[in-house]
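Please look through the structure below with this report beside it. The sections take up the surface, the helices, the sheet and the charged pairs in turn.

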Amino acid sequence: SDMLRDLWGKLAYRYASNPRVHYGITNEPHDIPAGTWYDCAQKCINAIRSVGGKGTIFMPGCNWTGAGSWMTSNAQYWNLTDPLNKLQVQLHLYLDANGGGGTTDVVSPTIGVERLKDAVTWARQKGLKLFLGEVGLSAATPNGKPAWDNLHTFMLANQDVCSGYSFWACGPASWWGQYQFYCGVVSPQMTMIQSALK
């Protein structure tokens, strides 16, 4: 935790004067006790703010930071504070059966909403915002487009809590054409995303 704190303090010091710099602390911490992770997370927040970093801090939970498991794996441990009140919870959301994004199945047209709604209620009660740092699904799967449309509509209806999302396109560009959630300009996923924005 001291190394991660030190890194974020140095990065924040370097970019403190740039209002466009925001901080995404790490990706999917796992296999550590929740208390250990949240102690480390608070140290990172403190380090960023102590050197004048003013950007939004996107902080994941532990245990893969999944939206569907948030209430049982993270909600009770979240005790982080930010003196600038610019802290957002970073969640990840996949719509396959185990919620990990390893397959292209989409459980149902409502699974995205079902996995996100309790975290939205929790965040509203805590006065926090949620950012989906990874969301992914296959548009070609029978439930894919309806599930995305329902999830997108739900996020728009809850904009007081849901600040945005990043669609997970996976790895370096050389992988993209073969990856199941490929999100290039000409791809079923990009068509699905764009159609929901109209």
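Leu7, Leu11 and Tyr15 together make a nonpolar surface patch of about 230 Å², where a patch is built from residues with over 30% relative accessible area and no salt bridge, nonpolar side chains (Val, Leu, Ile, Met, Phe, Trp, Tyr) being joined within 5 Å and like charges within 9 Å. Accessible areas come from the Shrake-Rupley method with a 1.4 Å probe, and for residues only the protein chains shown count as cover. Leucine 7 has its place in helix α1 and is partly exposed, with a relative accessible area of 41%; the term partly exposed covers the range between buried (under 20% relative accessible area) and exposed (over 50%), with a 1.4 Å probe and protein chains only.

The model is a predicted one, in which local features need pLDDT of at least 70 and side-chain atom pairs count only at pLDDT 80 or more, while totals for chains, interfaces and linings use all residues. Residues are numbered from 1 along each chain as its sequence is written, and side-chain values use heavy atoms, with hydrogens and water left out.

## Helix α2 and its surroundings

Helices (H or I, at least four residues) and strands (E, at least two) are DSSP runs, numbered from the N terminus. Helix α2, residues 34-50, has 17 residues and reaches 24 Å from its first C-alpha to its last, close to the 24 Å expected at 1.5 Å a residue, the expected span being 1.5 Å times one less than the number of residues. Glycine 52, with a positive phi near 95 degrees, follows α2.

The buried residues of α2 include Trp37, Tyr38, Cys40, Ile45 and Arg49, and among the elements that cover the buried residues of this helix are α1 (2-15), β2 (57-60) and β3 (87-94). Serine 1, in the segment before α1, counts as partly exposed at 44% relative accessibility. Not counting residues up to four places away in sequence, serine 1 touches Cys40 and Lys43, a contact meaning heavy atoms within 4.5 Å. Serine 1 and aspartate 39 are 38 residues apart in sequence, and their C-alpha atoms are 8.1 Å apart in space.

## The parallel sheet

An open sheet of 5 strands runs in the order β1-β2-β3-β4-β5 with parallel pairing, two strands being paired if DSSP finds at least two bridges between them. Its edge strands are β1 and β5 (162-167), each of which pairs on one side only. Strands β1 and β2 are joined by 2 bridges, and glycine 24 stands opposite phenylalanine 58 in β2. Strands β3 and β4 pair over 7 bridges, with tyrosine 94 opposite glycine 136 in β4. Strand β4, residues 129-136, is mostly covered, since 7 of its 8 residues are buried.

Serine 108, in the loop between β3 and α4 (111-126), is buried at a relative accessible area of 17% and, leaving aside its neighbours within four places in sequence, is in contact with Glu114, Asn143 and Ala147. Tryptophan 168, in the loop between β5 and α6 (173-176), counts as partly exposed at 31% relative accessibility, and its contacts beyond four places in sequence include Tyr94, Glu134 and Val135.

## Salt bridges

There are 7 salt bridges, counted where a side-chain nitrogen of Lys or Arg lies within 4 Å of a carboxyl oxygen of Asp or Glu. Aspartate 2 forms one with arginine 5, the closest N and O atoms being 3.9 Å apart, and these two residues, 3 residues apart in helix α1, are separated by about one helical turn. Aspartate 2 is partly exposed at 46% relative accessibility, as is arginine 5 at 30%. Asp2, Arg5, Asp39 and Lys43 are linked in a network of salt bridges.

Lysine 10 and aspartate 6, also in helix α1 and 4 residues apart, form a salt bridge with closest N and O atoms 2.9 Å apart; lysine 10 is exposed at 54%, whereas aspartate 6 is partly exposed at 33%. Aspartate 82 forms a salt bridge with arginine 49, the closest N and O atoms being 2.8 Å apart. This pair links distant parts of the chain, with aspartate 82 in the loop between α3 and β3 and arginine 49 in helix α2, 33 residues apart, and both aspartate 82 and arginine 49 are buried.
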